[in-house]
Amino acid sequence: MNPQYLRIGNIVSHTNSNGTFLCKITEKRPRYVKVVIKGRSGEYRLRYDQIKPVKITEEYIKQMGFRLFKKEDNKFYDEKMEVQLVLNPINDSKMVDVYEYDDVCGHEYYLTSCYFVHDLQNTLFDNFKDIEYYLTLENF
């Protein structure tokens with residue numbers, strides 16, 4: 001993965017002979033990152049070529065604190081941040097369109113589209129204040 005697109009708190013994956021694991025970045029260095037692996041104790045060093053992006057799924061969106069709109073299966077929202085996400089199937093993957101939602105006027109403002117969890121995390125961090133608690137999945 002390209003180090004310039006990663007931040008502390010980003011969720012990525014690592015695959016080795018024991019399987020594929022979700023990881024949260026805890027430190028960035030020029031040649032490697034330190035991560036905690038979900039379900040394991042301690043920190044691990046991984047080179048950038050040893051980590052991969054995590055594709056966005058409905059489950060990850062919910063774990064980030066977003067709720068499903070009652071009437072629509074592919075729209076999620078967070079009323080504190082005033083963010084709306086639209087999950088779209090693209091071939092064998094999914095993409096999420098990110099909108100800032102103005103509750104007063106009822107308008108949506110398109111921000112970007114994301115294919116990976118770390119991209120969504122970075123978009124939220126760049127566009128909204130006080131959202132650090134959204135940057136990692138719950139119960140990691």
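## Aromatic pairs

Rings of Phe, Tyr and Trp (for Trp, its six-membered ring) are taken to pair if their centres lie within 6.5 Å, and planes under 30 degrees apart count as stacked, those over 60 as edge-to-face and the rest as tilted. In this predicted model, a search of the whole structure finds two aromatic pairs. One of them joins Phe 69 and Tyr 77 in a tilted arrangement, with 5.0 Å from centre to centre and 35° between the planes. Phe 69 has a relative accessibility of 25% and therefore counts as partly exposed, where buried means under 20% relative accessible area, exposed means over 50%, and partly exposed lies in between (1.4 Å probe, protein chains only).

Tyr 99 and Tyr 110 form an edge-to-face pair, at 5.7 Å centre to centre and 70° between the planes. This pair links distant parts of the chain, since Tyr 99 belongs to strand S9 and Tyr 110 to strand S10 (residues 107–114), eleven residues apart. Tyr 99 is buried because its relative accessible area is 18%, whereas Tyr 110, at 47%, is partly exposed.

## Sheet order and edges

Strands here are DSSP runs (E, at least two residues; helices are H or I, at least four), numbered from the N terminus, and two strands pair if DSSP finds at least two bridges between them. Five strands form an open sheet in the order S4-S3-S2-S1-S5, with antiparallel pairing. Its edges are strand S4 (43–47) and strand S5 (52–53), each of which pairs on one side only.

Strand S1 (residues 11–16) meets S5 in the antiparallel sense over two bridges, and Val 12 stands opposite Pro 53 in S5.

## Cysteines

A disulfide is defined as a pair of cysteine sulfur atoms within 2.5 Å, and a search of the whole structure finds zero of them. Cys 23 counts as buried because its relative accessibility is 0%, and Cys 114 is likewise buried, with a relative accessible area of 2%.

## Confidence and conventions

The pLDDT, which is the predictor's confidence in each residue on a scale from 0 to 100, averages 87 over the protein chain, and 91% of the residues score at least 70. Among the elements of the protein chain, S5 has the highest mean pLDDT (97) and strand S9 (residues 93–102) the lowest (86).

Local features need a pLDDT of at least 70 and side-chain atom pairs count only at pLDDT 80 or more, while totals for chains, interfaces and linings use all residues. Residues are numbered from 1 along each chain as its sequence is written, and side-chain values use heavy atoms, with hydrogens and water left out.
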